[in-house]
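Subject: Structure for you to look at

Hi there,

Here is the structure I promised to pass on, with my notes below it. Have a look at it first, then read on.

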Amino acid sequence: MAFGSRPAGTGKHRGSSRLSKKTAGYAGIAAIATTGVVGSLAAPAFAADNHSSTIGQDNGLGAVVVAEDLAGDITEQADSQHRVAEQDAAKAQAEADAKQRAAEAKRMAEAKAKAEREAAERAAREEERKRLNTFVAPVDGSYVSTQYHAGGGMWSSGSHTGIDFHAASGTSVHAVGLGTVVEAGWGGAYGNNVVIKHNDGTYTQYGHMTSLNVSVGEQVTPGQQIGLSGSTGNSSGPHLHFEARTGSQYGSDIDPIAYLRSHGVSL
């Protein structure tokens with residue numbers, strides 16, 4: 001019995017060429033490195049290797065083309081994922097920038113509103129300070145009917161210690177300036193009267209009123225109503241007797257017109 005070599009098998013049992021195997025291996029490795037998936041992308045390379053022995057034997061171009069196609073697909077997929085990641089990052093950054101701008105705009109708006117509010121409060125305080133330091137006439141739209149130091153037997157001192165403002169009975173009488181009421185009630189010849197001590201240490205007196213609206217110890221502001229004019233006490237008819245004094249007692253009177261004008265009141 002003779003021994004001879006084993007007959008060669010048919011083409012379909014022949015192993016893959018070295019080039020096609022190597023190319024397919026490269027394709028599989030590239031797929032794993034890029035996507036982590038081998039089956040769906042690498043399979044065509046192996047299928048191409050078994051498809052035709054002629055391609056592998058002749059020049060191996062088919063396997064090379066498949067590998068190049070796979071590499072291109074993997075690269076395109078990686079580029080697409082990279083672009084999506086960049087777009088997501090850009091969107092997130094844009095949103096963060098928008099939030100920061102909105103927060104800064106809110107902070108600036110709040111700071112502006114606070115500054116405007118504080119400015120308005122300062123202006124209001126200044127306006128109130130000016131108002132409280134302003135003097136007014138004791139009777140609105142009136143005139144002096146009897147001058148200071150006018151002579152006559154009606155006054156115990158022999159002369160008028162104040163001035164009289166023309167005022168019908170029931171006319172509103174105002175405090176001429178900021179101060180504290182130190183007397184409110186019956187004042188003998190002055191009838192119902194009010195005496196106010198002002199912040200500069202001077203006093204003003206309001207006499208012959210028919211009724212009073214303030215009491216001792218009360219603080220009054222310029223223009224505040226303190227009573228209604230009348231003809232109580234030593235009076236020949238309805239009017240307001242007004243005095244300015246350096247002290248609270250009778251005899252410390254000063255010129256009421258000069259006093260009011262020195263405080264900015266036009267008569």
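Histidine 149 sits in the loop that links strand S1 (144–146) to strand S2 (163–166); helices (H or I, at least four residues) and strands (E, at least two) are DSSP runs, numbered from the N terminus. Its phi is near 65°, a positive value in a residue other than glycine. With a relative accessibility of 48%, histidine 149 counts as partly exposed, where buried means under 20% relative accessible area, exposed over 50%, and partly exposed in between (1.4 Å probe, protein chains only).

Before going further, a word on the source: this is a predicted model, in which local features need pLDDT of at least 70 and side-chain atom pairs count only at pLDDT 80 or more, while totals for chains, interfaces and linings use all residues. Residues are numbered from 1 along each chain as its sequence is written, and side-chain values use heavy atoms, with hydrogens and water left out.

Back to the backbone. Most residues other than glycine have a negative phi. Histidine 208 is not a glycine, yet has a positive phi of about 70°. This histidine belongs to strand S6 (residues 203–212). Is histidine 208 buried or exposed? Histidine 208 is buried, because its relative accessible area is 5%.

Now for the charges. Side chains of opposite charge can pair when their charged atoms come close. I count a salt bridge when a side-chain nitrogen of Lys or Arg is within 4 Å of a carboxyl oxygen of Asp or Glu, and by this rule there are four salt bridges. Here are some notes on them:

- Arginine 107 and glutamate 104 are joined by a salt bridge, 2.6 Å from N to O. Both lie in helix H4, three residues apart, which is about one turn of the helix. Arginine 107 is partly exposed at 45% relative accessibility, and glutamate 104 is partly exposed at 34%.
- Arginine 129 pairs with glutamate 126, with the closest N and O atoms 2.6 Å apart. About one helical turn separates arginine 129 from glutamate 126, because they are three residues apart in helix H4. Arginine 129 is partly exposed at 42%, as is glutamate 126 at 30%.
- Arginine 131 forms a salt bridge with glutamate 128, where the closest N and O atoms are 2.8 Å apart. These two are also in helix H4, three residues apart. The relative accessible area of arginine 131 is 34%, and glutamate 128 has 35% relative accessibility.

Which residues form a negative surface patch? They are Glu68, Asp69, Asp73, Glu76 and Asp79. Patches are made of residues with over 30% relative accessible area and no salt bridge, with like charges joined within 9 Å and nonpolar side chains (Val, Leu, Ile, Met, Phe, Trp, Tyr) within 5 Å. Asp and Glu count as negative, and the place of a charge is taken as CG of Asp or CD of Glu. Aspartate 73 is in helix H4 (residues 61–132), and is partly exposed at 43% relative accessibility.

Finally, the chain as a whole. The protein chain has five helices and ten strands. Of its 267 residues, 29% count as buried. Taking contacts (heavy atoms within 4.5 Å) between residues at least 6 apart in sequence, 58% join residues at least 24 apart.

Best wishes

Terms used: Accessible areas come from the Shrake-Rupley method with a 1.4 Å probe; for residues, only the protein chains shown count as cover.
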